[in-house]
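Keep the structure open while you read.

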Amino acid sequence: MLRKLLKHEFRATARVMIPLYLITVLLAVLTRATALWAELVTFDGMLGRNFLALLSGIIIFGFVLVLIATFVVAVILAILRFRSNLMADEGYVMFTLPVSTHTLVWSKLIVSAVWFLGAVVVDVLSLLALVANVEMFWELGRVFQEIADQWNAYYVGNGVAFLVECLLLFLVFCVVACLEFYTPLAIGHSFAQHKMLLSVAFFFAIQVVTQIVSGMLLFAGVPMLDSMNGWLNSLTPATAIHGFLWGSILISAIYGAVLYCITIRMLHRHLNLE
């Protein structure tokens with residue numbers, strides 16, 4: 001059933017995200033084309049130069065906006081889909097399906113994480129399109145070849161591990177980012193009135209509590225770090241980076257698990273759809 005929910009969710013959200021991705025790529029191409037045009041074409045009059053400068057400015061401004069919009073829209077879409085499917089009238093239908101509350105929430109989280117990852121890929125490729133040329137690819141190929149010649153199994157293994165850890169950390173961050181909105185929505189909609197107002201209030205309340213707890217843990221952990229200073233200095237750079245990445249993954253996963261448990265409990269027992 002999760003597969004069917006994911007298919008339905010991807011179809012609903014792709015109508016917004018895919019065109020946005022295409023617009024981002026198109027504006028990247030137009031930005032690069034305008035820059036090349038400015039280099040190749042010489043205008044005799046001031047009017048032509050002003051027109052080209054205005055056109056370039058408009059395209060660049062639009063390109064910057066869509067770069068930001070790929071993430072902003074993904075967040076807004078994740079919030080709206082969660083609220084409209086589970087908090088509003090559709091919730092009556094969704095909660096009668098033969099699936100658990102966990103499956104419903106995970107279908108939202110997985111789809112949102114995929115669109116966040118897609119936004120990163122599209123934005124990076126679009127930025128590369130602005131500066132890419134044949135010489136750059138030849139130079140990158142030469143650099144990669146030199147790295148490959150000098151690397152041994154130790155460096156290859158660490159490089160692959162770094163990539164996997166960074167990807168895992170990014171996915172955990174995406175899930176936690178969604179849950180930071182899902183949890184206050186679920187709590188706010190457990191009340192009979194002023195649901196959205198309470199959801200906003202609980203969002204800021206959760207952020208304040210999180211900052212307070214983080215500050216307390218950081219303050220308590222400083223003496224421990226001082227006592228471990230000798231052991232930390234003995235670590236290799238690769239081991240230290242691995243430890244930092246896994247520590248970040250663990251802390252984020254714990255925080256996400258707390259938010260997830262609250263969200264599931266509120267949806268399962270206290271949701272008020274009236």
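## A buried charge network

Both glutamate 9 and lysine 108 are buried, where buried means under 20% relative accessible area, exposed means over 50%, and partly exposed is in between (1.4 Å probe, protein chains only). These two form a salt bridge, with the closest N and O atoms 2.8 Å apart; the term stands for a side-chain nitrogen of Lys or Arg within 4 Å of a carboxyl oxygen of Asp or Glu. The pair links distant parts of the chain, since glutamate 9 sits in helix H1 and lysine 108 in helix H4, 99 residues apart.

Glutamate 9 has another partner: its side chain meets that of arginine 81 in a salt bridge (3.0 Å, N to O). Glutamate 9 lies in helix H1 and arginine 81 in helix H2, so this pair ties together parts that are 72 residues apart in sequence. Like glutamate 9, arginine 81 is buried. The count comes to two salt bridges, and Glu9, Arg81 and Lys108 are linked in a network of them.

## Ground rules and the fold

This is a predicted model: local features need pLDDT of at least 70, side-chain atom pairs count only at pLDDT 80 or more, and totals for chains, interfaces and linings use all residues. Residues are numbered from 1 along each chain as its sequence is written, and side-chain values use heavy atoms, with hydrogens and water left out.

The protein chain has nine helices and zero strands. Helices (H or I, at least four residues) and strands (E, at least two) are DSSP runs, numbered from the N terminus. Of the 274 residues in the protein chain, 33% are buried.

On a 1 Å grid over the protein atoms alone, a cavity is a set of points where a 1.4 Å probe fits but cannot get out; a pocket is an open set with protein on both sides within 12 Å along at least five of seven lines; and lining residues have an atom within 4 Å of a point. Grid points are joined across faces, edges and corners, and a volume is the space filled by probe spheres set on the points. The lining of the largest cavity includes Glu9, Arg81 and Lys108, along with Thr13, Ala74, Trp115 and Tyr182. Helix H1 (2–40), H2 and H4 each supply at least two residues of this lining.

The second largest pocket has a volume of about 170 Å³. Among its lining residues are Ile79, Arg83, Phe181, Pro184, Met196 and Phe203. Helix H2 (46–87), H6 and H7 each give at least two residues to that lining, with the largest share, five residues, coming from H7.

## Aromatic pairs

The structure holds seven aromatic pairs. Rings of Phe, Tyr and Trp (its six-membered ring) pair if their centres lie within 6.5 Å; planes under 30 degrees apart count as stacked, over 60 as edge-to-face and the rest as tilted. Tryptophan 106 and tyrosine 260 form a tilted pair, 5.7 Å centre to centre with 45 degrees between the planes. This pair links distant parts of the chain: tryptophan 106 is in helix H4 and tyrosine 260 in helix H9 (residues 237–270), 154 residues apart. Tryptophan 106 is partly exposed, with a relative accessible area of 37%, while tyrosine 260 is buried at 13%.

Phenylalanine 181 and phenylalanine 203 make a stacked pair, 5.2 Å centre to centre with 10 degrees between the planes. Elsewhere, ring pairs link Phe10, Tyr21 and Trp115 into a cluster.

Valine 114 is found in helix H4 (residues 101–131). At 37% relative accessibility, valine 114 counts as partly exposed. Leucine 128 also has its place in helix H4, and it counts as partly exposed at 42% relative accessibility.

## A loop residue to look at

Histidine 194 is found in the loop between H6 and helix H7 (195–227). Histidine 194 has a positive phi of about 55 degrees although it is not a glycine. At 57% relative accessibility, histidine 194 counts as exposed.
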